[in-house]
Each structure stands twice: as structure tokens, then as C-alpha cells.
Amino acid sequence: METFRAFLHAFQLRGFPWVSIRIVVALPEVILGIETSCDDTAAAVVIGGQLSANVVASQQTTHLRYGGVVPELASRDHQRRIVPVVRQALQEAGLHPQDLDAIAVTYGPGLVGSLLVGLSFAKAFALGLGRPLIGVNHLEGHIYSVFIEPPSPPFPYLCLIVSGGHTQLVRVDAGFRHTLLGRTRDDAAGEAFDKVARLLGLGYPGGPEIDRLARQGRPDFVTFPRPRLEGYDFSFSGLKTAVRYYLDQFSQAERIRLLEQHRADLCASFQQAVVDVLIDTLRRAILDTGLRHVAIVGGVSANSGLRAAAQALAESLDVQLYIPPLPYCMDNAAMIAITGYFKAKSGWKSPLTLAATPTLSD
Ligand code: KG4
Ligand code: ZN
């Protein structure tokens with residue numbers, strides 16, 4: 001309810017004719033969310049702004065042996081899983097398809113073959129049921145993932161999106177109105193974790209593995225660079241290259257021994273560099289904008305080092321911090337369903353010609 005009030009407030013600030021719509025039409029309350037932008041097949045149900053079911057079928061094992069997501073395998077896996085995953089979500093929510101008021105689905109950014117599976121399914125389902133289709137930008141989904149469970153921030157809030165495909169700092173001015181403050185100029189933070197994990201001989205996705213090992217390592221073992229750019233932009237590719245150069249100093253035999261003895265120290269040193277860069281930029285943005293509510297979302301927001309450093313930063317600057325619970329940091333459909341819920345409430349409807357848009361920006 002608090003969540004809904006925050007959005008209502010934002011829309012009223014924008015002069016949205018909320019009350020008149022409320023009188024003349026029944027507002028959509030039951031939303032199915034579908035997410036297939038990368039390698040997770042996910043479906044969730046939100047009823048009246050509350051999450052009722054959240055199902056994620058991870059394809060991690062499919063891609064593990066390749067050290068990264070193989071787009072063709074990802075889309076085939078989505079095809080196999082989309083129907084059972086949606087069926088399970090409906091079962092968990094205790095619903096029949098006819099109970100749904102709208103179908104929300106990610107239409108970009110992401111892998112085109114993966115997006116197409118979720119989007120085609122959603123279109124067919126919406127058409128067959130005679131319900132509206134609501135296209136959701138995956139990044140918007142991450143931004144509003146802090147509305148899945150309370151406490152949720154009031155508008156405006158500062159939002160750091162750190163995922164495998166994106167790293168952005170945005171000011172969320174009101175519902176569906178954001179201002180981009182900074183972005184990565186090369187690798188995303190999660191991408192850096194994944195690439196460094198590969199250099200260190202760890203599995204995919206690399207972030208959780210580095211996070212786990214970093215807890216046993218020394219963050220001061222190697223001082224990797226902390227690039228600081230103009231404004232609030234980020235750069236992580238130099239950091240990844242610094243890890244490569246560091247390893248390149250050693251012969252093959254020395255490197256094997258180094259990794260055996262110091263893999264955890266290297267993880268801790270790399271992770272500390274990423275966390276320092278993110279926290280330094282966040283600190284400057286908080287001080288410059290004067291915003292008192294700060295969210296961190298996306299896969300890398302699951303990182304224990306980042307969560308601890310962000311909490312310490314929030315306490316030192318006396319700002320309120322919002323980081324979603326772990327299941328809503330990584331890709332999930334709950335964030336698509338909640339975003340779809342707010343879009344539906346504002347009368348949003350997408351045409352059935354909506355195209356999968358791999359490079360969709362914020
Ligand atoms: O948001 P997400 O699930 O997918 C994208 O939208 O990209 O983020 C996935 C990224 C991967 O790069 C993964 O390595 C990273 O999030 N990640 C982490 C952790 N858990 C996932 N990075 C650092 N520490 C973690 N605990
Ligand atoms: Zn994501």
C-alpha cells in the first residue's frame with residue numbers, strides 16, 4: 001500500500017488524471033510478469049501491488065561449461081521452460097489465466113533471441129485472453145525492484161544500477177521519469193566481475209564466486225587502479241586489464257601456484273577496487289544532489305562487500321539506503337510484474353506490434 005501511495009503521489013505531482021480514470025474503469029490489479037532477456041526464464045504474479053508468486057528457472061548449468069551465456073542455447077532453453085514457468089507462477093498464486101488483468105513482459109534490452117521468446121509468449125497470451133500487453137524496459141524493472149518489498153523509497157531517489165549488462169547512476173524523479181547522471185563508458189560492473197572470474201579460473205557467473213572467495217582474502221594484497229572519471233561516469237575495463245597484466249608477470253607455473261595460494265586475495269583486492277569506485281561515485285552524487293534516499297539494484301547489488309560499504313556510506317551521510325533482498329537483485333520477473341502493475345495503473349498499454357529491442361536504453 002505504501003508502495004502504491006508513493007507512485008500515486010508521483011503521478012499526482014505530474015498532474016496525472018488519476019481520480020477520473022479510477023471512477024470510469026476497473027483498474028488492473030492482477031498482473032503476470034515475464035522476464036527472458038538473458039539466461040533466466042522467469043514469471044511472477046503481482047496482485048494489488050503485492051507479490052503472490054515468483055518463479056525463476058536459471059539456465060546457469062546450460063552455460064557453465066562455455067564460461068558465459070550462449071545466445072542460441074539461451075533462447076532454446078527459454079522456449080522449453082516458458083510454459084512450465086508461467087504455469088507454476090499461476091499455480092503458486094492460485095490463479096487461472098482468466099484471472100489476469102494484464103501481461104507485463106520485458107521487451108529490451110537483452111539478447112534478441114531470448115527477448116523474443118518471452119515477448120511472443122506474452123503477446124499470444126494477451127491476445128488469447130483479451131488482456132492488455134504491457135512492455136517493460138528491463139532497466140526500469142531493476143529500478144523499481146525496490147518496490148517489490150517495503151521499505152520503498154519516496155521520489156525523488158538516487159538509483160545505482162549495477163548488473164551484468166549495465167552500470168548507470170540515475171535520479172528517479174517520479175514514476176517512469178528518470179534522469180541519467182552517469183554510466184559506464186566500457187564494461188558494466190558485473191561484466192568486470194565475470195571477466196576477472198574467468199582470468200582467475202572461476203566459473204560463470206563470476207560475481208557470486210568472487211564475492212564468496214573475497215570474504216576469505218586480503219583486500220590489500222594488490223592495489224588495483226580505481227579509475228575516477230568526470231562527472232558520474234564509470235570505467236571498469238582498465239581494472240580488468242590490470243588484473244590480466246598482474247597475472248601476466250608470472251610464468252605459467254608461477255601463475256598456477258599464485259592462484260592456488262592467493263586466489264581469494266586477488267578476489268578481495270579486485271572486489272575492493274570495484275566497490276571503492278562505486279561508493280566514491282555514489283558519495284559524490286549524494287553530496288552534489290542532496291538526495292536523501294538511495295537505491296542500489298541489479299545483480300551486483302547482491303555483493304556482500306558492496307552492501308556493507310553502501311550501508312556504512314549511508315550511515316556516515318545520514319541517508320536512507322534501499323537494496324532489494326537477494327532474490328530481487330538478480331534478474332527476476334517480480335520486478336517486471338511490479339513495474340507492469342504501476343504502468344497498468346497509469347493506463348499504459350503496448351501494441352501487439354511491440355518489437356523486441358535488444359539495445360533499448362533507459
Ligand atoms: O541483473 P543481473 O542478474 O543480469 C543483468 O541484467 O545483467 O546481473 C548479473 C550480474 C552478473 O555479472 C553477475 O556476475 C553479477 O550480476 N553478480 C554479482 C553477484 N551476484 C551476481 N556480482 C558481484 N557479487 C555478487 N554477489
Ligand atoms: Zn538485469
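Tutor: Before we start, contact here means heavy atoms within 4.5 Å. Keep in mind that this is a predicted model.

Student: Okay, S75 then. Leaving aside its neighbours within four places in sequence, which residues is S75 in contact with?

Tutor: Start with where it sits: S75 is found in helix α4, residues 71–93. Neighbours within four places in sequence are set aside. What remains in contact with S75 is G113, S114 and V117.

Student: Is S75 buried or exposed?

Tutor: Buried means under 20% relative accessible area. S75 has 10% relative accessibility, so it counts as buried.

Student: And which backbone oxygen does the side chain of S75 reach?

Tutor: S75 belongs to helix α4. Its side chain comes to 3.1 Å from a backbone oxygen, and that oxygen belongs to E72.

Student: How many residues apart are H138 and D331?

Tutor: H138 is in helix α6 (residues 138–143), while D331 is in the loop between β10 (320–322) and α12 (334–345). The pair links distant parts of the chain, and the separation is 193 residues.

Student: What is the relative accessible area of H138?

Tutor: H138 is buried, and D331 is too. Leaving aside neighbours within four places in sequence, H138 is in contact with several residues, including E35, T106, D331 and M335. The relative accessible area of H138 is 6%.

Student: What is the average twist from one strand to the next?

Tutor: Take the five strands in the order β8-β7-β6-β9-β10. Going from each strand to the next, the twist averages 25°.

Student: In which sense do β6 and β9 pair?

Tutor: On one side, β6 (residues 157–162) runs antiparallel to β7 (residues 167–174), with six bridges, and these two form a hairpin with four residues between them. Turning to β9, L160 stands opposite I296. Four bridges join β6 and β9, and the sense is parallel.

Student: How many residues of β6 are buried?

Tutor: Y157, C159 and I161 point one way from β6, L158, L160 and V162 point the other way, and all are buried. β6 is largely enclosed by the rest of the structure because the buried count is six of the six.

Student: Last one: which helix touches β6, β7, β8 and β9?

Tutor: Helix α11 (residues 304–317) lies across β6, β9 and β10, at about 160° to β10. The helix you want has a direction that makes about 160° with that of β6, and it packs on the sheet: helix α10 (residues 252–289).

Conventions
Residues numbered from 1 in each chain as written. Chains lettered and ligands numbered in written order. Predicted model: local features only at pLDDT ≥ 70, side-chain atom pairs only at ≥ 80, totals over all residues. Heavy atoms only, no water. Buried < 20%, exposed > 50% of the residue type's maximum accessible area, 1.4 Å probe, protein only. Polar contact = N/O pair within 3.5 Å; in protein donor to acceptor, adjacent residues only side chain to side chain. Pairing = 2+ DSSP bridges. Axes fitted to C-alpha atoms, helices over the stretch in contact; angles between N-to-C directions.
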